[in-house]
Amino acid sequence: MWGHPVVVRLAQVGRRLRGLDQRRPWLLDTAVVAAVFLLFCVPDLVHDGGPHQLRVRIAHLSGPATVVWQLALVLPLWWRRRAPSATFAVIVAVFTAQWAAMVWLRADVALLIALYSLALHGRLRHLPWACAVMAAALGVAAVRLSSAVFFGDALFFLASAATASVALGLVLRIRRAHLAALRERAVRLEVERDQRTELAAATERARVAREMHDIIGHNLSVIIGLADGGAYAAELNPGRAKEALQLIAGTGRQALGEMRRMLGVLREQRQGPELSPQPGVADLDELCERVRAAGPQVRYRTSGDLEALDRAAQLTVYRIVQEALTNTLKHAGTRTRAELQVAVQDRTVLIRVQDSGPPDGPGAAPPNEEGHGLAGMRERAALYGGTVLSGPAAGGGWTVEALLSLTPPADPGGSAP
């Protein structure tokens, strides 16, 4: 039924009328006053005297006097939405005075419209008082009609009409409040969706920044170390200088390949396969070789089944080792010695990187403020409920130690199988 063309057209007309009412509310107020006057006031002017079938003594008024009573009842309806309580008070006063003077007017329907408007637009705390005043005014009308109609029947009919007006106003008020709540909820959900999108974008930017730091920072440190060594060896041993240049080219190609792979996975539609898989523990040997080529002596030891780690855990181990060795190369220089230990025991992974520092002095200590490097290592370790500790070693140099937990976090709302 709701898809019928007539219903759709009526809905469109209703939306246009609501839009027009929002722009020019006085048009609807004037139309209501004009409609009530044409439907209920004009018949009294044409056929004077009220219902002749009822044996009721009705006061006969002249045309101008009738128009005055009618305007006093109908004109206040123009303010029924802006001042519903005041409009109802004026109309109920005119209604009571009219029936006290035993004047019969069809324009009394304005009282029901005023009560309906109060229930729809007015303050709810005024409604009980308005109903009490309405009952008193209807009682006056029922008493005046008691000579022709039983008082109880007249009062019941009038009270039923008033109850229907209040009920219709309250139903429309509740419906409007419900629609307003739904619109507010839709707006709030849209805002929350935008906020989730922004948070996801911020998280992705942080992840990309961390990956770029790990890739570029490490490879540039290696390239700088190789370039310094090649420049020093160019005068003494040209063959070593050529070897350094070849290592620089290889390291640069690898860094470029990793950046292409990482940027490729950010595209929504990839036209080809990834250039290379994510690095894992099997690539730690190659990582150590690149660092050794830059000058430092790296000793690599493992224990436990590293290959049993999943791909995400292997990537985390690789990036932490890569950042720790990069810091060693950056702060301890190219003539330091570093020991790398990766141990898997039970459901934990221990990563330990300790360098001996530069041979001719303490060297430059890592900065006090954390950059992307140490913060990135801690974020990666936090994904596995782990920690990262760094600081000067007892015998000199610097130590970075990370402990990862491979046990999945317990579900607080779940139950044991």
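**Notebook: helix pairs and a pocket**

I noted that H9 and H10 are roughly parallel to each other, because their angle falls under 35 degrees. The model I am reading is a predicted one.

**Entry 1: H9 and H10**

Helix H9 covers residues 284-293 and helix H10 covers residues 311-332; their axes cross at roughly 10 degrees and come within 11 Å. Next I listed who touches whom. From H9, the contact takes in Leu284, Leu287, Cys288, Arg290 and Val291, and from H10 it takes in Val317, Tyr318, Val321, Gln322 and Leu325. I sorted these residues by class and got 8 nonpolar, 1 polar and 1 charged.

**Entry 2: H2 and H3**

I moved to helix H2 (residues 25-46) and helix H3 (residues 63-74). Here the axes cross at roughly 150 degrees and come within 11 Å. An angle over 145 counts as roughly antiparallel, so H2 has that relation to H3. I also checked the hand of the crossing of H2 and H3, and it is right-handed. On the H2 side I found Val33, Val36, Phe37, Cys41, Asp44 and Leu45 in the contact, and on the H3 side Gly63, Thr66, Val67, Gln70, Leu71 and Val74. By class, the contact of H2 with H3 holds 8 nonpolar, 3 polar and 1 charged residues.

**Entry 3: H5 and H6**

How far apart are the axes of H5 and H6? I found them 10 Å apart, with a packing angle of about 165 degrees between helix H5 (residues 109-121) and helix H6 (residues 127-144). H5 is therefore roughly antiparallel to H6. The crossing of H5 past H6 is left-handed. I wrote down Leu111, Leu112, Leu115, Leu118 and Ala119 for H5, which meet Leu127, Ala130 and Met134 of H6. The contact of H5 with H6 has 8 nonpolar residues, with no polar and no charged ones.

**Entry 4: the largest pocket**

The largest pocket holds about 680 Å³ of space. Which residues lie nearest its centre? I found Arg18, Asp21, Leu28, Arg81 and Arg176 there, out of 16 residues that line the largest pocket. I looked up which elements give two or more residues to this lining, and they are helix H1 (5-23), H5 and helix H7 (151-236). By class, the lining of the largest pocket has 6 nonpolar, 3 polar and 7 charged residues.

Notes. Residues numbered from 1 in each chain as written. Predicted model: local features only at pLDDT ≥ 70, side-chain atom pairs only at ≥ 80, totals over all residues. Heavy atoms only, no water. Axes fitted to C-alpha atoms, helices over the stretch in contact; angles between N-to-C directions. Helix = DSSP H or I, 4+ residues; strand = E, 2+ residues; numbered from the N terminus. Parallel < 35°, antiparallel > 145°, perpendicular 65-115°, else oblique. Left-handed = near helix turned anticlockwise from the far one by under 90°. Contact = heavy atoms within 4.5 Å. Nonpolar A, V, L, I, M, F, W, Y, C, P; charged D, E, K, R; others polar. 1 Å grid on protein atoms, 1.4 Å probe; cavity = no way out; pocket = protein on both sides within 12 Å on 5 of 7 lines; lining within 4 Å. Points joined across faces, edges and corners; volume = space filled by probe spheres on them.
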